[in-house]
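Have a look at the model first, then read on.

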Amino acid sequence: AHSNFITDEDMSSILHAGAGVAHCGLSNAYFANSVFPLRRALDKHLHVGLGTDISGGPSASMLDAVRSTVMASRMLEAGTDPHRSQDSRGVPQSRVDILTAFHLATCGGGKVLDMKIGLFHPGYHFDAIAIDTQCTQGNIRFFNRESMTPEDIIEKILYTASPLNITHVWVGANERMK
């Protein structure tokens with residue numbers, strides 16, 4: 001479940017049961033009336049994976065799920081009520097970065113589902129996408145790439161890749177799209 005209204009006691013129960021949470025940031029923005037306290041859950045070592053919850057938003061894309069996870073965490077941290085002062089409307093220290101969100105979409109999902117997915121590791125299912133960062137029809141644009149760190153490049157891809165940038169898809173080592 002989404003666990004938007006989760007308490008610290010709930011988190012402890014979930015952790016002790018060896019269970020986890022499927023976080024759907026886009027669904028939080030559309031229907032939840034609340035945002036899942038992801039950073040707090042991660043700080044308590046709760047297993048969290050990302051979901052798309054297509055019934056709760058307009059996209060089944062895991063790239064969009066990664067992006068919306070960052071967005072939802074920023075909404076929680078900054079607050080959304082413009083009639084309240086900035087220091088009273090949000091939940092401090094709630095933000096997650098895009099690399100953390102990507103980890104949750106891959107490894108985190110594997111942990112929550114107790115499946116060997118989400119890592120390029122012997123014995124794990126090979127699920128992957130290939131991204132063409134130079135596709136002129138896609139959304140990825142690098143400026144001063146030579147000065148970018150590997151983390152900067154991955155962040156740029158995660159924030160801006162569109163379906164047109166995806167050239168190959170593998171599920172369980174089977175190529176599904178070329």
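In helix 7, the buried residues are Ile153, Ile157 and Leu158, where buried means under 20% relative accessible area (exposed is over 50%, partly exposed in between, with a 1.4 Å probe and protein chains only). Looking down the axis of helix 7, its buried residues sit within an arc of 130°, so they line one face of the helix; the arc is that of the directions from the helix axis to the C-beta atoms. Those buried residues of helix 7 pack against helix 4, helix 6 and strand 3 (128–131), with contact meaning heavy atoms within 4.5 Å.

**Ground rules**

- This is a predicted model, where local features need pLDDT of at least 70 and side-chain atom pairs count only at pLDDT 80 or more, while totals for chains, interfaces and linings use all residues.
- Residues are numbered from 1 along each chain as its sequence is written, and side-chain values use heavy atoms, with hydrogens and water left out.
- Helices (H or I, at least four residues) and strands (E, at least two) are DSSP runs, numbered from the N terminus.

**Helix 6 against helix 7**

- The axes of helix 6 and helix 7 cross at roughly 65° and come within 10 Å; axes are lines fitted to C-alpha atoms, for helices over the stretch in contact, and angles run from 0 to 180 degrees between N-to-C directions.
- That makes helix 6 roughly perpendicular to helix 7 (65 to 115 degrees counts as roughly perpendicular, under 35 as roughly parallel, over 145 as roughly antiparallel and the rest as oblique).
- Helix 6 passes helix 7 in a left-handed crossing, meaning that the near helix is turned anticlockwise from the far one by less than a right angle; clockwise would be right-handed.
- On the helix 6 side you'll find Ile98, Leu99 and Phe102, and they meet Glu151, Ile154, Glu155, Leu158 and Tyr159 in helix 7.
- Sorted by class, the contact of helix 6 with helix 7 has 6 nonpolar, no polar and 2 charged residues (Ala, Val, Leu, Ile, Met, Phe, Trp, Tyr, Cys and Pro count as nonpolar, Asp, Glu, Lys and Arg as charged, and the others, Gly among them, as polar).

**Helix 4 against helix 6**

- Helix 4 (residues 62–78) packs on helix 6 (residues 98–113) at an angle of about 135°, their axes 9 Å apart.
- That makes helix 4 oblique to helix 6, and helix 4 passes helix 6 in a right-handed crossing.
- Helix 4 brings Met62, Val66, Arg67, Thr69 and Val70 to the contact, and helix 6 brings Ile98, Ala101, Phe102 and Ala105.
- The residues of this contact divide into 7 nonpolar, 1 polar and 1 charged.

- Alanine 101 lies in helix 6 and counts as buried at 0% relative accessibility.
- Neighbours within four places in sequence aside, alanine 101 is in contact with Leu50, Val66, Thr69 and Val70.
- Isoleucine 117 is in the loop between helix 6 and strand 3, and is buried with a relative accessible area of 17%.
- Not counting residues up to four places away in sequence, isoleucine 117 touches Thr106, Cys107, Gly109, Gly110, Tyr124, His125 and Asp127.
- Serine 162 sits in the loop between helix 7 (150–160) and strand 4 (166–171), and counts as buried at 9% relative accessibility.
- Leaving aside neighbours within four places in sequence, serine 162 is in contact with Gly138 and Asn139.
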